[in-house]
Amino acid sequence: MSVFVIGYYAALIAASCLAAYFNYRRTFMLLFSLTLVSFVLGIIGGTPALRVVTIFAGALALAVGTSYAFKEFLVQIARPNLAKELRTAPLTASFGMFVIFTYAIAGIFAPVIAPHGEAEVIASAFAPPDANMLLGADQLGRDVFSRIIYGARNTVGLALTATILAFLMGALAGLLAAVKGGWFDQIMGRAADVIMSVPSLIFALLMLSIFGTSLVVIVIVVAVIYSPRVFRLTRAVAGNIVVMDYIEAAKLRGEGDWYLIRREILPNSMSPLIAEFGLEFCFVFLLIAGLSFLGLGIQPPTADWGSMVRENATLISFGDITPLIPAAAIALLTVAVNFVVDWMLFRSSGLKEH
Amino acid sequence: MTKKDQELIDRIAEGARKGRISRRDFMYYSTAAGLTATTATGLWTKSAAAAPQRGGTFRWGLHDGNTGDTHDPGTYVTRTMIFLAHTHRSYLTMINGDGSLGPDLADSWEASADASEWTFNLNQNASFHSGRKVTADDVIASLNHHRGDETTSAAKALLTDVVEITKDGDHTVKVKLTGGNADLPWLMTDYHFAICPANDDGTIDWKSGDGSGPYKIDSGEFGVQFSLSRHDGWHGEGAWFDKVDIITLNDPNARQTALVTGDVDSVSLIELKTMALLQRDPNINIFNIPSAGAITLPMLCDTPPFDNVDVRNALKLSMNRDEIIEKIAFGAATKANDFHHSPAQPYWPDDIPQREYDPDQAKSLLKKAGAEGLSVSISTADSVYAGAVDMAVLYAEQAKASGINIDVVREPNDGYYSDVWLKKPWCLVSWGARPTPDVMYTLAYKSDAAWNESRWQNERFNELLLQAKAELDDTLRAEMYREMAMLARDDGGTVIPFFNNFVYAARANVGTPDQLAASWESDGARAASRWWFTS
Amino acid sequence: MGDLTRLVLKRLGLGLLTLLVVSILIFFAVELLPGDIAEAVLGQSATPETVAEMRRQLGLDQPAVWRYLQWLGGAVQGDFGVSLVSGEPVSEAIGDRFVNTLFLAAYAAVIAVPISIILGVTVALLRNTLFDRVANVLTLTSISSPEFFLGYILILFLAVKTNMFPAIASLSSDMSLSELLNRTFLPALTLVLVVTAHMMRMTRAAIINLLASPYIEMARLKGTPPWKVIVKHALPNAWAPIINVIALNLAYLITGVVLVEVVFVYPGIGQALVDAVAKRDFPIVQACCLIFAATFILLNLAADVGAILTNPRLRHPK
């Protein structure tokens, strides 16, 4: 029995007792069941298993703490109106906001934060991490940490632009189609069908081979590929709303299409759209990664996470974590964005429970 | 014998079994470890030279296949088809494991004094899978498939100096050339020149997939899988496996895992990035064979700024080949010297000084050319060579030391050879192994060659090329190739970083000959007929 | 019901129109691609003469519009031409592969659709609890890694380390069904992971979106148990967006699985399409794209019919 194991159980039991004493029932249950589970784990997995639990719990506690502090921080600096909203945000949402904030900072100030240039070769291939290179070097001897930071700027910037463009085009067309109906609806619907019925990778392959692979073309092609999905969803949701009585009423009042969209339909169809936004955003990452599979992605040596995963993907078969780092960066951002989206979804649904 | 000695001997024996050490080293080390010469010889035989045995199904994962492949030898382009061709069809000649030229369908061959007329005598036992004997008519039809106005063969350029092909009896073929070509028998190993059964009208029947090779096709789907079984009447030696399954595995990870899990017995290419990791697996043997395949960076010599020889040489000097070999090829390459003649080819001149990374000299050359602060673009694509884009990026970093700015442009994989190669002023190209320097130079460096990829014009070089081609005296020929190499190195428009090794792998229970051919991956594409199962 | 039949017929007619537009689009996109089949087939070894000869033999020297009309003339009679590369009829060249693709898609869908709807309803019921969060994080993580990477990880754990399933999904015709299911389990699982999150989250969002409606409030105030509120009251009105997302994902399972096919060496239609694009083999590209387009149109139609059936208000557009 090492000092660590004794300390581990002592800390858990002490915390459980404290929770019980101060009558925090849920906390007590959680802590004490963890203590019981730890007995089993300790017997089966030994000290390493307990260490993993500690690290995991520590990371979770850190995340919770950060989220809480970040929320308080936002509440302090925001205007009263916004602060009131923010106060209702669950911890997951503030965690999401914190991650997005961090990524934004990393992206905007990439050249200042990154210790090395994104293309700068400073070490031998796959050099292990050291004080100079936090995450080691990639196959060319470039600093992985710096490339992740630059990747935030390139990948997120590109994906965000493309997603927003796709949403602008898709949602607008969808709302108009739902309101106007008739031939406009038909034409847009058919156009969307045509684009969607060609698989996205093939569509991108054809378009990028024809028009070249500059950034502008990539953004437009990706937006064109994804806008029909947004269109269809908007059209379906708005279609359900358009047949509602209050729309009838507004129409009889003589309101114009634009008013209907802005004041009646959009607010009522927001939540599925927001949910979709969070998902489409990460699909765009993946499409760009898939494009680089066909040699059509972002030009080298620009760092982007999708390509970084792809370049070293085969190493995973040997348990090497190099490709996991950019993959984790994508996953973390996706989870964060969707946490925030969930919160907004919850708010806009008007549910007042809890 | 101490325990330590025993361990050493075990290690050496293990090395011998995996083909990592030669017989000579083996004898040296084992006698040093205290064995007598006789015991050592016995151990060698047991460890390495275990006699091949028949049997088993060889599952062979190949790295490049396409749904649109066909059996037409004129349009062979993917590795799967080339390797399949070496398994189910025959050629006139073949490259042996030791790099020499050996017989396949042709038993023997001889040239006229000026090397302008060649006679090939066919093996009388050779037969197609359908049972019919291979005759001179089949050979003539198969070669004519690549000649004439009607042909769509990619190998047409190789046979342009053939005047006519005639037969002399059923088993003798005569090839008449416009000029001397001492390398014609070598040329006949080109993968396009597979011998197919002739139709009555002088065309060939390639559609049926019939051939005279060691295995016959039982069933297959292009780009997916082929099942073959032994052709009992095969004229050659070997074909130890009862059956061969050729499986197209385009994805590097799929190949690797299939090999590790034992879903295939051998793969034709492994990713260099994971080579060192794969080596740790005791069930897998990795073969790392220097080849004549090369990566070239041709600059169009008639397009500024590459029309200035000083600029060209400055760019050659700005490349740190050692770092590129270490980081891109992971050591699995032979350093090149800006002339396209590899140590794996005959007549290689070994006394030419290696060009090293020298940014200072590059700078002074640029100054001389008045091109300081040079900025150029290089086009590349991932499909050219695993790591091609990375290599260009790394080169661009290295060239910064000479004050040169290289923009790396990644082009689409798709259509690279039709839209980029020979069109963009500077690009990155991968060349397969060609058997002799003559074939290589004639294809891509001769002034009027269709694929003169650098549009380099050098009178002396072209003169020497023609002379060397017809020269039957090896010493004189070697001297000519040396001079040509110097010209290409110091005046030519192609930066050649390295000759890539073939790196492939097999499960430990696959036996291989001591020497593996360097003409293609997997023992010159002939693993199916040359390898065997040891257990 | 007469309305609905008429709608279906109308949509089928429009679907044919869409197919026509797709075929024109694809034909000219392939035409616009740099290089053509002759250059692609001959690759690095192309010379001007051989390229010209091959073009002549394949009839590529005729004007593009004429070639398209010729193809269209055949297509309306059910003849989709022959592959330019192999000379094989298109139906033979891709028939088996299409069946393979359908099989894999069906395999994945049978697992993914029920799971995602049940999960979606459950997390809507247990919203903002630990279960909701964990389900969310796991599914989001699974879709936020590129699918080829997901495949590699599954191969590492389920094939290389534990040897539970084969790493490559190569098929042969004499396999029994159970063997087939075992062989294709890993690609199917990869696809399940890829599509589940999307469907699950949409189910959850669509249900939560309705929870503030007065009739739900009413049901709740009546004392109906929460699960009953969701399953009986919210779910029926949430079907339209859910069906839509399911249709989208089913279509993705058929049309978007190229990378999974490559990773698991599965002989599906996606690989054939990419190969055909690379070779500029127009009849094959066209046939594959039309199959995909038809799949899409039919699934979309099914989704719309489903939406109408679940929301009678849509049946009488005003």
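How many helices and how many strands make up the secondary structure of chain A? In this predicted model, chain A comes to 13 helices and 0 strands.

The C-alpha atoms of chain A occupy a box of roughly 75 × 55 × 40 Å along the principal axes. Chain A has 354 residues, of which 47% count as buried. Among its contacts between residues at least 6 apart in sequence, 64% join residues at least 24 apart.

Chain A also meets chain C: 53 residues of chain A are in contact with 56 residues of chain C. On the side of chain A that touches chain C, at least two residues each come from α7 (182-197), α8 (200-211), α9 (215-242), α11 (257-293), α12 (305-311) and α13 (324-348). The helix that gives the most to this side is α11(A), with 9 residues. Sorted by class, the side holds 32 nonpolar, 16 polar and 5 charged residues.

Attention now turns to chain C. An unreviewed UniProt entry places the feature "transmembrane region" at several stretches of chain C, including residues 12-30 and 242-264. Residues 12-30 of chain C are 100% helix and 0% strand, and their end C-alpha atoms lie 26 Å apart. Residues 242-264 of chain C are 91% helix and 0% strand, with end C-alpha atoms 30 Å apart.

Helix α4 of chain C (residues 64-76) has 13 residues. From first C-alpha to last, α4(C) reaches 18 Å, close to the 18 Å expected at 1.5 Å a residue. Just after α4(C), Gly78(C) takes a positive phi of about 85°.

Methods: Residues are numbered from 1 along each chain as its sequence is written. Chains are lettered from A and ligands numbered from 1 in the order in which they are written. This is a predicted model: local features need pLDDT of at least 70, side-chain atom pairs count only at pLDDT 80 or more; totals for chains, interfaces and linings use all residues. Two residues are in contact if their C-beta atoms, placed from the backbone, lie within 7 Å. Helices (H or I, at least four residues) and strands (E, at least two) are DSSP runs, numbered from the N terminus. Ala, Val, Leu, Ile, Met, Phe, Trp, Tyr, Cys and Pro count as nonpolar, Asp, Glu, Lys and Arg as charged, and the others, Gly among them, as polar. UniProt positions are given in the numbering used here, feature names are shortened, and annotations may be inferred rather than shown by experiment. The expected span of a helix is 1.5 Å times one less than its number of residues. A residue is buried if 20 or more other C-beta atoms lie within 10 Å of its own, exposed if 12 or fewer, and partly exposed in between; C-beta atoms are placed from the backbone.
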